[in-house]
Amino acid sequence: MAKNKKILTTAFGIPLAEDQNSLTAGERGPVLMQDVHLLEKLAHFDRERIPERVVHAKGAGAYGYFEVTADVTKYTKAKFLSEVGKRTEVFVRFSTVGGEKGSPDSARDPRGFAVKFYTEEGNYDMTGNNTPVFFIRDPLKFPDFIHTQKRHPATNLPDANMFWDFLSLTPESIHQVTILFSDRGTPATFRHMNGYSSHTFKWYNDKDEYFWVQYHFKTDQGIKNLTREAATRIAGENPNHATRDLYEAIERGDYPSWTLEMQILTPEQAKNFPWDIFDITKVWPHDEVPPIKVARLVLNRNPKNYFAEVEQSAFSPGNLVPGIAASPDKMLQARLFSYHDTHIHRLGLNYHLLPVNAPKAAPEMSYQRDGFMRLDDNSGGEPNYWPNSFGGPVPDPTAGEPPFDVSGDAARYSFSHPNDDFVQSGNLYRDVMTVQGRDNLIGNIVDHLGGAINRIQYRQTAIFYKADPDYGKRVADGLGLDIKEVERLAEMSNEERAEATKDGSY
Ligand code: NDP
């Protein structure tokens, strides 16, 4: 046999003599139980799939680096942000949200934009989206909202009634709906879109002064979007177009990059700020908080194995390093729990040991032990409790977030300024969108909302009207709705409108 030839083995390294013919009793006889290689091979195959992510199931990822370009040490003590020119390795995963693992990349949907920074203080995850806002601001609504974006329980089909019923009864969604139905809802590729933290986070410095911040990763490739017609065509012709585009760009050395711009508010500025900075349905207007350029993100290495590195990658907004902390944004607070929880379900308790998820620049030194698939040495004979007097790792008091003030009566508070919900979406429609952008927005909405029943069309069109009368009128016109009825519904409170458009009303 030729030297260095690789010999096929079982999963346990035992050499195999044959891998084409099962062991049978006689030439035409049944297969024997003692063909353990066949049994092992089938049993492994039977278990190859892991649960897909309940959201963000379809995605693509790549490695690269993050390089600091401006001094931000007066805002944060995070070590990976401590010096101009400092580079940190990253892994980034882009995704759609509602579709399954095999769904088309060109679907109208927000895009996930998740960055894992392998810092010397452990892994920091910035788990963002390509939109600066979100549909809802309270996590109690999240499972319901996602159900409406997926499939109908009876037909197993996407359902325009579910989709618009929920959104039209949840007017806080109007800002994100307006972005989603603009051509930004169908980005040309993952390279041609921005990434936003969407949530407000806290940065704090080595003097324990803190700041409220929002992240904007602006694409250096420029924003490019698909029209509805192009997105539909690509879904048929090349349903993996964005996955392919990212992989091939990196293979040919055309490394995509983003410029990180930060919006930063002092606590004093935040007190007088006209918008609730913990409401994820709102942006911070650029003229009030001009973004400052602080860093560059470059993707320059493809994964070698999709399952190992992309499918098994796991991000959590709860992975925050010293110098960066959570804000009271209710959606963020829920995500701090939910991401880690879903990864335990999807990948198992020790998912942090998988190479893509393991800290690369800071070793894990915890007292957590055991559990399924503990695939390292489980810390050998080191102490597995704290406190101990045998030299185990010790907490570092300087690593903690400075104390912060929390007060108030415990209650389930609803948002106190519901009319605010229509201001920023109206500004986007009137002041930011081009004539062509508005035409496409209206066409995209009419095409989709036209699939819902009449009373839901009326209820949702009243919400568009509240954002801007012209917006509502044009949708009404496209759907053939009576504009007087839309105006009547637009004047009502959310509860009155829900009652006026209940089942059987039209
Ligand atoms: P600006 O004119 O300063 O900023 C408008 C921003 O809107 C642009 O910088 C661009 O963001 C973004 N934009 C352009 N076209 C679209 C589109 N079709 N869909 C979504 N976003 C688009 O105005 P303001 O800061 O006062 O914001 C006005 C409105 O712009 C907001 O109500 C919001 O809807 C939208 N917007 C604001 C952002 C912010 O952080 N202030 C961020 C994104 C949107 P970018 O440069 O990030 O691509």
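Predicted model: local features only at pLDDT ≥ 70, side-chain atom pairs only at ≥ 80, totals over all residues.
Which polar side-chain atom lies 2.6 Å from an oxygen atom of the ligand?

1. Residues are numbered from 1 along each chain as its sequence is written, and side-chain values use heavy atoms, leaving out hydrogens and water.

2. The atom asked about belongs to Tyr 196. Look next at His 286, where a backbone N or O atom is 2.6 Å from a ligand oxygen. In Arg 184, a side-chain N or O atom lies 3.0 Å from an oxygen atom of the ligand.

3. On its own, the ligand exposes 770 Å², and the protein buries 76% of this (accessible areas come from the Shrake-Rupley method with a 1.4 Å probe).

4. Around the ligand you will find 17 residues (a residue is near a molecule if one of its heavy atoms lies within 4 Å of it). Among the closest are His 175, Asn 194 and Lys 218. Helix α10 gives the most to this shell, with 3 residues (helices are DSSP runs of H or I, at least four residues, numbered from the N terminus).

5. Now turn to the largest nonpolar core, which has 46 residues (a set of buried Ala, Val, Leu, Ile, Met, Phe, Trp, Tyr and Cys residues joined through side-chain atoms within 4.5 Å; buried means under 20% relative accessible area, with a 1.4 Å probe and protein chains only). Trp 164, Phe 464 and Tyr 471 have the most contacts inside this core, and α12 gives the most to it, with 7 residues.

Terms used
Polar contact = N/O pair within 3.5 Å; in protein donor to acceptor, adjacent residues only side chain to side chain. Helix = DSSP H or I, 4+ residues; strand = E, 2+ residues; numbered from the N terminus. Buried < 20%, exposed > 50% of the residue type's maximum accessible area, 1.4 Å probe, protein only.
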